[in-house]
Amino acid sequence: MNMGGLSGLDDLNEMYESIILDHYRNPRKSEKIENSDFEINVNNPFCGDELFIQLKINEGIVDDLSISGNGCAISQSSGSLLAESIQNLNKDQILILITNVRKMMKDEDISEEDRDSLGDIEALEGVKKFPVRIKCALLGWAGLEDLIKDKMTS
Amino acid sequence: MINFDNIRKDFPILDSKVNGQNLIYFDNAATSQKPKKVIDSISDYYTNYNSNVHRGVHTLSMKATDAYEEGRNKVAKLINAPTDCIIWTRNTTESLNLIATSWAINNISEDNNIIITNAEHHSNLVTWQQVSKKTGCELRFLDITDGFNINELKNIFDVNTSLISITHMSNVLGYVIPIEQITELISGTNTKIIVDGAQSVPHMPVDVSDLDIDFLTFSAHKMMGPTGIGVLYGKKELLLDMQPFLFGGDMIIEVSYDDAKWNQLPYKFEAGTPNIADAIATGVAADYLSNIGMENIWNHELELSKYALNKFSSYDKFTVLGDNFSHLRGGVISFIHDKIHPHDIGTFLDQKGIAIRTGHHCAMPLIRSYDTSAAARISFYIYNSIEEIDSFFEALNEVEEYFS
Ligand SMILES: Cc1ncc(COP(=O)(O)O)c(C=O)c1O
C-alpha cells in the first residue's frame, strides 16, 4: 500500500520554504516593547507552541508591535511574518488580512488581488499539505484576531 | 532462534510505503501493528459465526460464546491468572476507572492516601485526582524522574496508604519499575497495588501470581490486538467484594422489579453485549505473543533500546529524557532537541516514512517538568530492527542540517 505523496521531500521543502526557515531563524520584531497598549498570550497546549503579541496603537493604527514565543518552525515563522505585515494598519485592514490568510490556508476562493496583498505571507501556503500543522500556522493570527476584536476600536 | 524476517512478514502494514518510503514504525507505545492472524480472526467471526454470546442455544451462539471465552483463557494464560479474574473492558483507561468506581470510592476515606508517580499516564493520574476530590484522601507523588528508588517510596508510604497505583513501564521515560520491591514493602499491610501494564504486558513476561499484585490493567491494541478492548485483572477476593461498574444485561443472575442479584465473576463487571470480535482477536494476539515468547520479545527490545540510547549519547543537542544507562529501560525513548521543536522533527521524519510520536504523551506535568511542552518519542516492538534505528539516526542528522 502507498500512503502520502510520492515526493515527501518536495512537499517538505514547500512547507519549509526558505522564507519560512529564514523567519524561524531570525524572527522579526521579537524584541519585547515597553508601554504596549494591548497584549495577549496565545498557546496550543497540545504541542506547546506559544506566542506573545504586544501592540502599540496610535490614532487607530498599529504604531509598534512585538511578537515573541516558543515552538515549531511553522508557528514561529508565521508569527514573524505577521509582525512584518501589520505595522501601520488599522483594525479593519488587519481583520481583512487575517481573513485572507485563513482563506489561503483553508484553500478557499481568494481573489488575485487579495492573494497579492499577502506578500511574503504566501510562503505559508505549503503548510496546506500538512493538515495537522495548519493550526500551528494560524496560531498567531487567531490570537491577533481575538486581541484586536476585543480591544482595538475601528 | 527467532526468525525476524518471518515475523515481519506476519504484519501486512510493514510492507507499505509512506510518502514513497518504506515504513519504519516507531510509534508502538501509542499502538502496535497487528499480525494478519489477528486481523483475519475478526473477519472470520463476522463472516462465519457472528452471533451474540451467553444467550442462545443455537449453534452459532454457542460457537461465538466458546470463542469469546477462549479469548479470555488465552489472556489469562499469558499473565498466569485464573480465567474468571480476567474482565474485559474497553482499554487500560476504563480498567483503571473501573477500579476507581467499584473499589476505591468505597474503600478509601479522607484519612487515607494514594501514591502514584510523577510519570503516570493521564489515565493513571486524572482518575486518582478525581478519587481524591470525591473521598478527600491525599494524593502523594513518588518522583521517578531519575529512576525508581524504593527508599523514596518508603518515605511517603505509611499505614494510611490505601493504594499504590504505578506504571510497570513508563510510556515516556521507558523505566521498568521493580514491582516486586513494592509488593514486598506492602505485604502484610492493607495497602493495595494496581500495576498499569499498558506498556509492560505487550513487551515482557508478566506473571500476576509471581508478582502478587492486586490489579493489573492493559490494552489489547498495544499488544498486537484490536482497539476497543482492554483487560482488568483483579485478585478474586477483591473482585468478589467490589460493586459492579455498569448495570444491565449479562451482569445479573436474577432480576425482580425491585432488585437484582449480581452475576458471578467475571460477568458481574461485563454489562451488555460485549466486544465479541475483539475479545476473540485479543486471544489470537495473546497466542501470537506467547508463540514468539515474551522473554524473546523483551530481549530483542532491550537490545534495540540499548543500541539507540548509545547512539543518542553521541549527540550534544539531543537530550534523552530520563537516565540513560543506570536503570532498566524498555524500548521507549523520548527526546528533545535544544532548538528544533518536536513537531518539526516529526514532520520531517514522516516524509522519510518514519512514524514517531510527538507531543506531551499523555503525561503533561512530567513533560513540563523538563521545561518543554512537547517531546519526540520512538518506541519499538519485536518487528523493529537495528537497521531501522540506523535509518532513523541518518534521518535525524538530516533534521539537524535542515533546521539549523
Ligand atoms: C503507561 C500507559 N498507561 C495507560 C495508557 C492508556 O491506554 P489506553 O489509551 O489504551 O486506555 C497508556 C497508553 O498510551 C500508557 O502508555
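This is a predicted model: local features need pLDDT of at least 70, side-chain atom pairs count only at pLDDT 80 or more; totals for chains, interfaces and linings use all residues.
A cavity is a set of grid points where a 1.4 Å probe fits but cannot get out. Its volume is the space filled by probe spheres set on those points.

## The cavity

Rolling a probe the size of a water molecule over the atoms shows where empty space is left. Here the count comes to one cavity of 30 Å³ or more. The largest cavity has a volume of about 30 Å³. Which residues line the largest cavity? They are Leu78(B), Ile79(B), Val201(B), Met204(B), Pro205(B), Val206(B) and Met294(B). The lining divides into seven nonpolar residues, no polar ones and no charged ones.

## The nonpolar cores

In soluble globular proteins, nonpolar side chains tend to be buried together. The largest nonpolar core in this model holds 108 residues. Within this core, Trp128(B) and Leu216(B) touch the most other members. Helix H10 of chain B, residues 276–292, gives the most to this core, with 11 residues.

A second, separate core has 74 residues. Leu55(A), Leu82(A), Met152(A) and Phe393(B) are among them.

Back to Trp128(B). Leaving out residues up to four places away in sequence, Trp128(B) touches Leu96(B), Ile99(B), Ala100(B), Ala104(B), Ile114(B), Ile116(B), Leu139(B), Leu163(B), Ser165(B) and Ile194(B).

Most residues other than glycine have a negative phi, and most peptide bonds are trans. A cis peptide bond joins Leu265(B) and Pro266(B), with omega about -5°. Pro266(B) sits in the loop between strand E12 (260–262) and H10 of chain B.

Asn80(B) and Asp212(B) are the next cases. Asn80(B) is not a glycine, yet its phi is positive. Asp212(B), also a residue other than glycine, has a positive phi too. The table gives the values.

| Residue | Phi | Loop in chain B | Relative accessibility |
|---|---|---|---|
| Asn80(B) | about 55° | between helix H3 (59–78) and strand E4 (86–89) | 38% |

Why does Asn80(B) count as partly exposed? Partly exposed lies between under 20% for buried and over 50% for exposed. Asn80(B) is at 38%, so it counts as partly exposed.

Terms used: Residues are numbered from 1 along each chain as its sequence is written. Chains are lettered from A and ligands numbered from 1 in the order in which they are written. Side-chain values use heavy atoms; hydrogens and water are left out. On a 1 Å grid over the protein atoms alone, a cavity is a set of points where a 1.4 Å probe fits but cannot get out, and a pocket is an open set with protein on both sides within 12 Å along at least five of seven lines; lining residues have an atom within 4 Å of a point. Ala, Val, Leu, Ile, Met, Phe, Trp, Tyr, Cys and Pro count as nonpolar, Asp, Glu, Lys and Arg as charged, and the others, Gly among them, as polar. A nonpolar core is a set of buried Ala, Val, Leu, Ile, Met, Phe, Trp, Tyr and Cys residues joined through side-chain atoms within 4.5 Å. Buried means under 20% relative accessible area, exposed over 50%, partly exposed in between (1.4 Å probe, protein chains only). Helices (H or I, at least four residues) and strands (E, at least two) are DSSP runs, numbered from the N terminus. Contact means heavy atoms within 4.5 Å.
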